[in-house]
Amino acid sequence: MIRQRLPDRRGSVRFSFKHDGALYSATLSKFPDGQLAEIFIDGDKPDSALAVHANDAAVLASLLLQHGVTAAAIRHSIAGPLATALAHVEEREP
């Protein structure tokens, strides 16, 4: 599959959530058709192992999304803060 690129300028949504007692913030952007295109996760304690792992997982998920893998497929394949963030995204969509 070929990577679907995002526009250089795009809107994003930011929200906070908890996973296993830790606080995280997620920022997401969508493709023009409304599909999730990228997600970034920051931990409440920057540079902690939890924050680094959550951020790395989100970057990998963003690459998968841009190569055509759905957010639902990613969420059902993993656990952890990324799965929690993707569940919040699904709850927000009509």
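Trainee: What order do the three strands of the open sheet have, and is the pairing parallel or antiparallel?

Mentor: The strands of this open sheet stand in the order 1-2-3, and their pairing is antiparallel; strands here are DSSP runs of E of at least two residues, helices are runs of H or I of at least four residues, both numbered from the N terminus, and two strands pair if DSSP finds at least two bridges between them. Please keep in mind that this is a predicted model, in which local features need pLDDT of at least 70 and side-chain atom pairs count only at pLDDT 80 or more, while totals for chains, interfaces and linings use all residues. Residues are numbered from 1 along each chain as its sequence is written, and side-chain values use heavy atoms, with hydrogens and water left out.

Trainee: Which strands are at the edges?

Mentor: Strand 1 (residues 13-19) and strand 3 (36-43) are the edge strands, each pairing on one side only.

Trainee: And how many bridges join strand 2 to strand 3?

Mentor: Seven bridges join strand 2, residues 22-30, to strand 3 in an antiparallel arrangement, with Leu28 bridged to Ile39 and Ala26 bridged to Ile41. Strand 1 and strand 2 also pair over seven bridges in the antiparallel sense, and there Ser16 stands opposite Ser25.

Trainee: What about the turns, which residue has a positive phi in the hairpin of strand 1 and strand 2?

Mentor: That residue is Asp20, whose phi is about 50 degrees, in a hairpin with two residues between the strands. In the hairpin of strand 2 and strand 3, five residues lie between the strands, and Gly34 takes a positive phi near 95 degrees.

Trainee: Switching to helices, which strands does helix 1 lie across?

Mentor: Helix 1, residues 49-66, lies across strand 2 and strand 3 and runs at about 175 degrees to strand 3; such angles run from 0 to 180 degrees between N-to-C directions, with axes fitted to C-alpha atoms, for helices over the stretch in contact. Helix 3, residues 81-92, packs on the sheet as well, touching strand 1, strand 2 and strand 3, and its direction makes about 125 degrees with that of strand 1.

Trainee: Which residues touch the most other members of the largest nonpolar core?

Mentor: They are Ile39, Ile41 and Leu82, in a core of 19 residues; a nonpolar core is a set of buried Ala, Val, Leu, Ile, Met, Phe, Trp, Tyr and Cys residues joined through side-chain atoms within 4.5 Å, and buried means under 20% relative accessible area, exposed over 50% and partly exposed in between, with a 1.4 Å probe and protein chains only. Strand 3 is mostly covered, since six of its eight residues are buried.

Trainee: Is Pro81 buried or exposed, then?

Mentor: Pro81 counts as buried because its relative accessible area is 16%. Not counting residues up to four places away in sequence, Pro81 touches Phe17, His19, Tyr24, Ile41 and Ala54, where contact means heavy atoms within 4.5 Å.

Trainee: You mentioned His19, so which side chains does a polar contact of 2.6 Å join there?

Mentor: The contact of 2.6 Å joins the side chains of His19 and Thr84, and another, of 3.5 Å, joins those of His19 and Asp20. A polar contact is a pair of N or O atoms within 3.5 Å; within protein, one must be able to donate a hydrogen and the other to accept it, and residues adjacent in sequence count only if both atoms are side-chain atoms. His19 is buried because its relative accessibility is 17%.
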